[in-house]
Amino acid sequence: MIKFLDLGALHRGLARELDVAIGRVIEDSSFVCGEAVSEFCQSFADFLGAKYCVGVGNGTDALEIIIEAMDFPPSSEIIVPANTFVATAEAVVRCGHRPVFCDCNQENFTVDVKDLENRISERTVAIVPVHLYGHPCDMDSVMVAAKSHGLKVIEDCAQAHGARYRGRSVGTFGDAGAFSFYPGKNLGALGDGGAIISNSEELARKCSMLSNHGRVAKYEHEFVGRNSRLDSIQAAVLSVKLLYLEEWNARRCQVASRYEEGLDRGAVVLPSTAGWAKHVWHLYVVQTDNRDELKSFLHEQGIETGIHYPIALTRLQAFKSLGQAEEELNAHQMEKRLLSLPMGPHLTDDMVQSVIDAVNSYSRAAQ
Ligand SMILES: *Cc1c(COP(=O)(O)O)cnc(C)c1O
């Protein structure tokens, strides 16, 4: 059996370090806003080359808090990609704004910048580029489009811890970056967690206050905020795991290279990486005509796969009323074609080879 993701295997090797880190927080008993949180936030900001990092409850809250902090007029338009996890658009709606969906490109699945530009209207206030599957968006083009229209840029980095665009970490290009530490992400906690990064002191401060009851000091609240904080136990765990992130990302890249070398192009289209990208391969997504058939074939061989995502956001019940479900988009064609192969540092060379052999035998039979 080849797992899509194997967190058990990943954590088994770290059991002792995690025990020590968690034990320290228990000893300390500062479970909320403790030193473990400020330590992790400092390390994570340093790792990314960002000035500020605010720990929050999860990645969705990170997006929501950033948007809230920007104080846009009600019902503003915010552009998000049609193919991403639901949270990207959910955060927009939660803040009282309207998501406008733009297409993704065929090469690396990130935002199609031409289409994005066409979606900019009088009411547009911000863009949320998603570094989907671990591949950075074309940030120069996104920033040019944003600057020429005076738009804010909120980078959704939930799938791209450590990804770089022309040598610089994603999350540091726009006004702020949102990270998720959901267990299955490249850097994951043992539960929910998230972070906001920014180079703006003012924005970081506002986000930090919003996430902590609008608090300036104990029982002094400047405005109405909420409770969404990264807890100390998760922060301690993340500090341990951050030490291994580069190694795990490097292993993901090796797995991707093996797929690239070994997979026949017969029945599947492989993902491509832009020249300026340092991809961190959160997911390895191929495209194929008979996706469901290949998926069940691999399942029979004991190989787990995923689909990211089976329904474009434009077509989700939650967003259908926005009226983009019938548009002609790459994202709509891809829904039925995308298949995510097993990807992660848990995969041995033998496992990767078994996946390659299985996909290739399907390809040959299909021709
Ligand atoms: C996981 C994810 C989120 C949300 O993060 P949570 O921590 O699960 O709230 C947002 N955007 C993208 C692209 C994601 O993959």
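A polar contact is a pair of N or O atoms within 3.5 Å; within protein, one must be able to donate a hydrogen and the other to accept it, and residues adjacent in sequence count only if both atoms are side-chain atoms. With aspartate 156, the pair is a nitrogen atom of the ligand and an N or O atom in the side chain, 2.8 Å apart.

This is a predicted model: local features need pLDDT of at least 70, side-chain atom pairs count only at pLDDT 80 or more, and totals for chains, interfaces and linings use all residues. Residues are numbered from 1 along each chain as its sequence is written, and side-chain values use heavy atoms, with hydrogens and water left out.

**Ligand site**
- The ligand is surrounded by 13 residues (a residue is near a molecule or strand if one of its heavy atoms lies within 4 Å of it).
- The closest are Gly59, Thr60, Asp156, Ser180 and Lys185.
- Glycine 59 places a backbone N or O atom 2.7 Å from an oxygen atom of the ligand.
- Threonine 60 uses its side chain: an N or O atom there is 2.5 Å from an oxygen atom of the ligand.

**Helix 10 and helix 13**
- Helices (H or I, at least four residues) and strands (E, at least two) are DSSP runs, numbered from the N terminus.
- Helix 10 (residues 245-262) packs on helix 13 (residues 349-366) at about 30°, with axes 10 Å apart.
- Axes are lines fitted to C-alpha atoms, for helices over the stretch in contact, and angles run from 0 to 180 degrees between N-to-C directions.
- The angle makes helix 10 roughly parallel to helix 13 (under 35 degrees counts as roughly parallel).
- Helix 10 contributes Arg251, Val255, Arg258, Tyr259 and Gly262 to the contact (heavy atoms within 4.5 Å).
- Helix 13 contributes Asp349, Val352, Val355, Ile356 and Asn360.

**Helix 2 and helix 9**
- The axes of helix 2 (residues 15-28) and helix 9 (residues 232-242) come within 9 Å and cross at roughly 145°.
- From helix 2, the contact residues are Glu17, Leu18, Ala21, Ile22 and Val25.
- They meet Ser232, Ile233, Ala236, Val237 and Val240 of helix 9.

**Cysteine 95**
- Cysteine 95 sits in the loop between helix 5 (87-94) and strand 3 (98-102).
- Leaving aside neighbours within four places in sequence, cysteine 95 is in contact with Glu64, Ile67 and Glu68.
- Serine 76 is 19 residues from cysteine 95 in sequence and 9.7 Å away in space, C-alpha to C-alpha.

Notes:
Angles under 35 degrees count as roughly parallel, over 145 as roughly antiparallel, 65 to 115 as roughly perpendicular and the rest as oblique.
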